[in-house]
Amino acid sequence: MNLGLEIGAAVGKTLFIILFALSLGGLLTWVERKQSALMQDRIGANRASILGLRVWGLFHIIADSVKMFMKEDFVPNTPHRIIHGLAPVLSLFFALLSFAVIPFGNAITIAGHRIGLQVLDVNIGILFVFAMMSVAVYGIVLAGWSSNNNFSLLGSIRASAQMISYEVSIGMTLVGILLIFQTLSLQEIVQAQGGLLFGFLPAWGVILQPLGFFLFLTAGIAETKRIPFDMPEGESEIIGFFVEYSSMKFGMFMFAEFVGQILIASLVTTFFFGGWQVPYLADAGFAFPWGGTIPMSAWVVESLRVISFIGKVAFFCWLQMLIRWTLPRFRFDQLMNLGWKVLLPLSLVNAVVTAIVVLWIGQ
Amino acid sequence: MGRVNVINVSERRRELTFLERIYVVEVVRGLAITAGHFFRNLIRHTLRLFGIKTAEPAATFQYPEVRRPAAPRLRSLHRLARHPDGTPRCVACMMCETVCPAFCIFIKAEEVDDPNIEKRPKSFDIDIGRCVFCGFCVEACPEDAIRMDTGITEIGSLSRTGMVLDINMLLSLPPKEERGDKPVDFLQKRLVDYNLVPEIQAKT
């Protein structure tokens with residue numbers, strides 16, 4: 001393949017997915033305010049204006065970031081100043097790195113070269129995501145430890161206990177997906193979900209693994225550390241791990257939370273909702289099971305798929321917001337009970353039953 | 001006598017059913033309620049954007065522009081009423097100063113030649129910073145001179161002395177009905193701007 005084209009494609013794909021995550025993350029700060037307002041019969045933030053223009057409070061995103069950057073960056077009296085500065089960077093970095101293996105489209109052909117719409121098409125995609133999730137705990141642990149504050153240390157201990165507990169459930173839940181699709185590559189998993197079950201039902205992961213989807217979503221929300229699982233932070237009464245952070249360092253932690261939310265939405269989409277797949281849309285256009293086809297050019301098909309991926313991710317971000325503004329917070333023992341005594345056994349049962357069914361069908 | 005409906009709270013406590021205990025169904029029911037509000041308000045906001053009249057999508061008031069309707073008997077900032085000829089109604093009887101539980105009214109009386117009133121206030125200061133808005137002064141007043149019907153509730157100043165209203169200011173404040181409902185103007189004005197009457201016109 002042409003080297004220039006290859007480099008250009010890699011840079012383009014990386015920019016696309018990074019900008020997608022960052023801009024959607026910024027948008028989510030606005031969505032969080034406006035959605036909660038609508039759910040509670042309020043108007044929500046609408047005062048920021050440029051030249052008298054308010055556009056439903058969208059300028060609050062700019063106002064917030066300007067505020068964050070302008071605030072005093074107070075560093076506590078700690079012997080670990082470098083680690084204190086590094087912790088928020090790590091949190092955001094590993095959250096963003098996971099997006100490298102998320103496929104946001106199938107492939108496009110430029111000048112005879114096939115370019116897969118995924119930054120890093122590795123055959124260990126699932127493991128890569130897990131690795132990044134696990135390493136993300138470091139940002140939080142280091143933040144709590146380097147703050148030289150017992151309360152933030154306790155907060156980070158709560159956070160790491162929670163994240164490690166729920167990572168086990170996330171891993172066990174995906175064993176079912178692994179057994180069905182028999183691959184670790186996310187692109188291949190999405191491609192396998194393009195088929196039809198019984199001739200009309202899209203073979204999405206949620207239909208093959210309904211319990212798996214439910215468990216993954218629950219554990220995933222717990223992994224993002226947001227209400228009802230926001231024990232590490234507990235902004236309304238207990239003290240969280242970033243109590244000693246101010247200015248944009250705090251902003252990065254907050255932003256990492258939103259990016260984590262988008263990541264969970266992307267993973268749910270990829271594993272259980274067919275990723276970029278549009279039902280009945282094949283490479284040549286729509287082919288409905290009841291007959292009838294709509295032929296389309298490759299570019300239209302590909303853009304439809306990317307739009308479908310973005311739409312599904314947006315929906316799951318909305319759903320997580322809805323859950324976050326509906327449920328009260330769990331107590332810490334309830335949280336641990338849910339993780340170890342409910343989610344883990346259920347995901348084990350799910351894996352065993354899936355294995356038996358896969359074996360039975362295979363024979 | 002009507003029958004009083006008493007609810008024994010301890011009797012309402014009951015064992016949760018199995019469906020309630022596994023929590024999932026209840027979560028979905030909760031999500032249905034909040035999602036219902038979300039979509040209902042979203043549709044209403046969208047329809048209003050296109051100029052179609054709908055029910056109110058928000059229970060809140062857009063505060064500085066839109067005021068919550070106040071009850072007619074709301075106790076707001078004080079004013080001193082005048083006679084139709086412009087003279088103050090107050091006769092400096094000291095009733096309000098005596099009854100005030102916050103000791104925020106300070107009256108200095110002076111003599112006047114008019115045999116009907118004999119006394120009038122030389123100065124009449126209210127320290128709004130100490131006032132508790134109990135309305136006792138209004139009830140105590142035999143001349144119906146001090147009233148709390150201006151409708152002004154945004155009272156603020158950058159200093160403590162700025163919170164002390166003198167007699168000129170109190171006499172110049174109009175009742176809510178005369179002021180009309182121009183809230184934005186009102187917010188941007190300071191209390192000092194209401195100091196319109198240069199001095200009390202003594203009745204000779």
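Colleague: How do α5(A) and α11(A) lie relative to each other?
Modeller: First, this is a predicted model, in which local features need pLDDT of at least 70, side-chain atom pairs count only at pLDDT 80 or more, and totals for chains, interfaces and linings use all residues. Residues are numbered from 1 along each chain as its sequence is written, while chains are lettered from A and ligands numbered from 1 in the order in which they are written. Helix α5 (residues 150-181) and helix α11 (residues 332-362) of chain A have axes that come within 8 Å and cross at roughly 15°; axes are lines fitted to C-alpha atoms, for helices over the stretch in contact, with angles from 0 to 180 degrees between N-to-C directions. Angles under 35 degrees count as roughly parallel, over 145 as roughly antiparallel, 65 to 115 as roughly perpendicular and the rest as oblique, so α5(A) and α11(A) are roughly parallel.

Colleague: How many residues of the contact of α5(A) with α11(A) are nonpolar?
Modeller: We sort by class: Ala, Val, Leu, Ile, Met, Phe, Trp, Tyr, Cys and Pro are nonpolar, Asp, Glu, Lys and Arg are charged, and the others, Gly among them, are polar. The contact has 9 polar residues and 1 charged, and the nonpolar count is 16.

Colleague: How many residues does chain A give to the contact with chain B?
Modeller: Two residues are in contact if their C-beta atoms, placed from the backbone, lie within 7 Å. Chain B brings 13 residues, and the number from chain A is 11.

Colleague: How does α1(A) lie relative to α3(B)?
Modeller: Here we look at helix α1 (residues 3-39) of chain A and helix α3 (residues 24-49) of chain B, whose axes come within 7 Å and cross at roughly 100°. That angle makes the two helices roughly perpendicular.

Colleague: Which residues of α1(A) meet α3(B)?
Modeller: On the α3(B) side, the partners are B:T34, B:H37, B:F38, B:N41 and B:L42. On the α1(A) side, they are A:Q35, A:L38 and A:M39.

Colleague: Which residues of α3(B) are buried?
Modeller: A residue is buried if 20 or more other C-beta atoms lie within 10 Å of its own, exposed if 12 or fewer, and partly exposed in between, with C-beta atoms placed from the backbone. The cover over the buried residues of α3(B) includes α1 and α10 (298-324) of chain A. The buried residues themselves are B:T34, B:F38 and B:N41.

Colleague: Is A:P232 buried or exposed?
Modeller: A:P232 sits in the loop between α8 (210-223) and α9 (247-272) of chain A. Leaving out residues up to four places away in sequence, A:P232 touches several others, among them A:I140, A:R158 and A:F241. With 23 other C-beta atoms within 10 Å, A:P232 is buried.

Colleague: How far apart in space are A:P232 and A:Q162?
Modeller: In sequence, A:P232 and A:Q162 are 70 residues apart. From C-alpha to C-alpha, their separation in space is 8.1 Å.

Colleague: Which form does the peptide bond from A:I227 to A:P228 take?
Modeller: A:P228 lies in the loop between α8 and α9 of chain A. Omega is near 5° for the bond from A:I227 to A:P228, and the bond is cis.

Colleague: Is A:Q182 buried or exposed?
Modeller: A:Q182 is in the loop between α5 and α6 (186-192) of chain A. Its phi is positive, about 55°, although A:Q182 is not a glycine. With 11 C-beta neighbours inside 10 Å, A:Q182 is exposed.

Colleague: How many strands does chain B have?
Modeller: Helices (H or I, at least four residues) and strands (E, at least two) are DSSP runs, numbered from the N terminus. From the N terminus on, chain B runs α-α-α-β-α-β-β-α-β-β-α-α-α. Its helices number 8, and its strands number 5.
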